[in-house]
Amino acid sequence: MKATLCCMLVLGLLIASCTKDKTDYEAERDDSVVEHVDFKEAATIDSNGYSIRIEALNGTFYKGYNPIRLKVTGGGANGNANVSAATFLPIKLSSTGSETSCPHQHHLSYQPEDAYFSGYCVFTEATTNAGVWELQISFAIDGKMITARQAISVQPQTNKNLNMTTFTGSDNEQYIIALIAPQKPTVSENELLAGIYKFNKASEPTDNPLAAAYVPVTGYTLQLDPRMPEPSMGNHSSPNNKDLVQDAAGHYRGVVNYTMTGNWTLNFIMQNNNGQIVKGTVVPDDFTPGVMGVKSELHIDILF
């Protein structure tokens, strides 16, 4: 009887502690997260009588995944430029003058209905004193190629739902996983979208190695195990999640079920197209109130 009473007392204290911590924990919700849906001018480059307008969501380049749009005007009586192709190259300059790049769509896609070129860029760092970013834009017009280059500012990513991670896999390759969506999750099943990119160890030199510095990986799988790692949450998971697999556009798409707001960890195990584990570890199923939850060696933390 005494043993039973002791067990009940301990359980009651755990529940009370969890409830108190949960209240504090709920206060950590980030209600300031804004879902950006409008493209606005982020940079303009003038060259050879043409104006190159680069647009991004909220008119800002952020660390992480950025969809971008490019428009070229000028050079004609009506202000419209007859551009047949355009390329986009982000370049990071270190304090020593060395140049590197990041995952991006080099050859932009033309959208005729709205007369702009579209693509994406995954900036790996925000602009700092130790490293600045420049954009090199090239476009073909009337059989002539015009190239322009200009410094830009890349801001830190304040939306943790769009975090990213870089790592070295068991194959000794360098990878980047960048979250794309949702920008503002809800307490429900959310479509989870991510990009996976690999550093391109080119075996042969090219005219512009920075243009192909990273390539999207093909046919991989991201096994997903979302958890709430805070001590008050006991590292619990949720039902109805779906692993991320590649879609027709090349992104990785799955489902994450957030059962409440707060800090979540997206635990991953990444498998290549042969089913071999490249990175990630299994997270124990134990409910662990009072201690910080175990995370996979491959994970991304989010907050909503």
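Predicted model: local features only at pLDDT ≥ 70, side-chain atom pairs only at ≥ 80, totals over all residues.

**Entry 1: the four-stranded sheet**

In what order do the four strands of the open sheet lie, and is the pairing parallel or antiparallel? I looked it up: the order is β6-β5-β9-β10, and the pairing is antiparallel. β6 (99–100) and β10 (144–152) are at the edges with a single partner strand each, so one side of each has no neighbour in the sheet.

Residues are numbered from 1 along each chain as its sequence is written, and side-chain values use heavy atoms, with hydrogens and water left out.

I also checked the terms. Strands are DSSP runs of E, at least two residues long, numbered from the N terminus. Two strands pair if DSSP finds at least two bridges between them.

**Entry 2**

I picked β9 (residues 131–141) and checked its partners. With β10 it pairs in the antiparallel sense over nine bridges. Q136 stands opposite R149 in β10, and I141 has K144 as its bridge partner there. The hairpin of β9 and β10 has two residues between the strands, and in it D142 takes a positive phi near 55°.

Next I looked at β5 (residues 83–94). β5 and β9 pair over 11 bridges, again in the antiparallel sense. S94 is the residue opposite G131 in β9.

Is β9 buried or exposed? I found that 10 of its 11 residues are buried, so β9 is largely enclosed by the rest of the structure. (Buried means under 20% relative accessible area, exposed over 50%, partly exposed in between, with a 1.4 Å probe and protein chains only.)

**Entry 3: the five-stranded sheet**

Then I turned to the open sheet of five strands, which has the order β1-β2-β4-β8-β7 and antiparallel pairing. Here β1 (39–47) and β7 (109–111) stand at the edges; each has a single partner strand, so one side of each is left without a neighbour in the sheet. Neighbouring strands are turned by 30° against each other on average, direction ignored. (The angles are between axes, lines fitted to C-alpha atoms, and run from 0 to 180 degrees between N-to-C directions.)

I went along the pairs. β1 and β2 (residues 50–57) run antiparallel and are joined by eight bridges. D46 has S51 as its bridge partner in β2. β4 and β8 pair over seven bridges, with P67 opposite Y120 in β8.

**Entry 4: the core**

Which residues touch the most other members of the largest nonpolar core? Out of 28 residues, they are I52, I54, F61, L70 and F139. (A nonpolar core is a set of buried Ala, Val, Leu, Ile, Met, Phe, Trp, Tyr and Cys residues joined through side-chain atoms within 4.5 Å.) At least two residues each come from β1, β2, β4, β5, β8, β9 and β10. β9 gives the largest share, five residues.

**Entry 5: the pockets**

Last, I looked for open space. (On a 1 Å grid over the protein atoms alone, a pocket is an open set of points where a 1.4 Å probe fits, with protein on both sides within 12 Å along at least five of seven lines; lining residues have an atom within 4 Å of a point.)

The largest pocket has a volume of about 620 Å³. (Volume here is the space filled by probe spheres set on the points.) 30 residues line it, and L57, Y65, N66, P67 and I180 are the closest to its centre.

The second largest pocket has a volume of about 190 Å³. Its lining has 11 residues, with V72, A81, Y110, A115 and Y116 nearest the centre. β4 gives the most to this lining, four residues.
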